[in-house]
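The tour starts at one group of side chains and then widens to the whole chain.

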Amino acid sequence: MSGSTRFTVFWLYKARPEWRTLADSEREEGREAFLRTLDAHRDTVTLRAAYSTVGFSADVDLILWTIADDVDALQALAVDLNRTPLGQHLEMRHAYLGLATASQYDPEHGPAFLKGVPPKKYLSVYPFTKTPEWYLLPFEKRRELMLVHGELGREFPTILTNTVSSFGIADQEFVVALEDDDPAQLVAMVQRLRAAEVRVYTKVDTPIFLGRRTDPREALLALG
């Protein structure tokens, strides 16, 4: 697959309560096996970042953002992670899978991670689906509305945007991932975008999860 098109998936995990009842030595062994497994797949799967969501969400404790040239590599890693002692105590609450390409409305616009831009401190990720009426609009009208939407977004130059397509491979049509070092900027931009006309064609854009990027080991330690 070309370097301008890649698959990505956001794995959102919740630690089962019994994980925190294990002995310290068992949990350390579980963490080490999990990290070794991530490292063993690094030739085929890129870990953009690990994020702790502890305290930010009651439903999710950990997000792993992974990227690969094909979905087989992503699945192989998921299977091996499940087999680790820690993996057996993690419940995958969501798996947001998508294909990353340039935008059909603006070929110069594409996911930041596809351009090699380093990750920022905070990630906001959520599924996104438009209404059926959106796709019945003429292409030029859709393009016009999206360009206005993009202009509003450019008022927040520090924010990295990553939108990937999930048509036919997941319930949502897109996965949206926003990155910034200041979560207040994420709040400000999303609130600003509510004023865009294209908003009336939004059908689904929840649940939303905020994660703080951290060293993978630290993210696992935060599980308890």
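**Stop 1: the aromatic cluster**

Select Tyr 105, Trp 134, Phe 139 and Tyr 201: ring pairs link them into a cluster. Rings of Phe, Tyr and Trp (its six-membered ring) pair if their centres lie within 6.5 Å; planes under 30 degrees apart count as stacked, over 60 as edge-to-face and the rest as tilted. By this rule the protein has 8 aromatic pairs.

Before going on, note what you are viewing. This is a predicted model, where local features need pLDDT of at least 70 and side-chain atom pairs count only at pLDDT 80 or more, while totals for chains, interfaces and linings use all residues. Residues are numbered from 1 along each chain as its sequence is written, and side-chain values use heavy atoms, with hydrogens and water left out.

**Stop 2: Tyr 105 and Phe 139**

Keep Tyr 105 and Phe 139. Their ring centres are 5.5 Å apart and the planes meet at 20 degrees, so the pair is stacked. Tyr 105 sits in the loop between strand 4 (90-100) and strand 5 (122-130), and Phe 139 belongs to helix 4 (residues 139-153), so this pair links distant parts of the chain, 34 residues apart. Helices (H or I, at least four residues) and strands (E, at least two) are DSSP runs, numbered from the N terminus.

Is Tyr 105 buried or exposed? Tyr 105 is buried, at 9% relative accessible area. Phe 139 is partly exposed, at 31%. Buried means under 20% relative accessible area, exposed over 50%, partly exposed in between (1.4 Å probe, protein chains only).

**Stop 3: Tyr 135 and Phe 167**

Now select Tyr 135 and Phe 167. This aromatic pair is edge-to-face, with 6.1 Å centre to centre and 80 degrees between the planes. Tyr 135 lies in helix 3 (residues 132-136) and Phe 167 in the loop between strand 6 (160-165) and strand 7 (174-180), so the pair ties together parts 32 residues apart in sequence. Tyr 135 is partly exposed, with 32% relative accessibility. Phe 167 is also partly exposed, with 45%.

**Stop 4: the whole chain**

Zoom out and show the cartoon. The protein has 6 helices and 9 strands. The C-alpha trace spans about 60 × 35 × 30 Å along its principal axes. Of the 224 residues, 45% count as buried.
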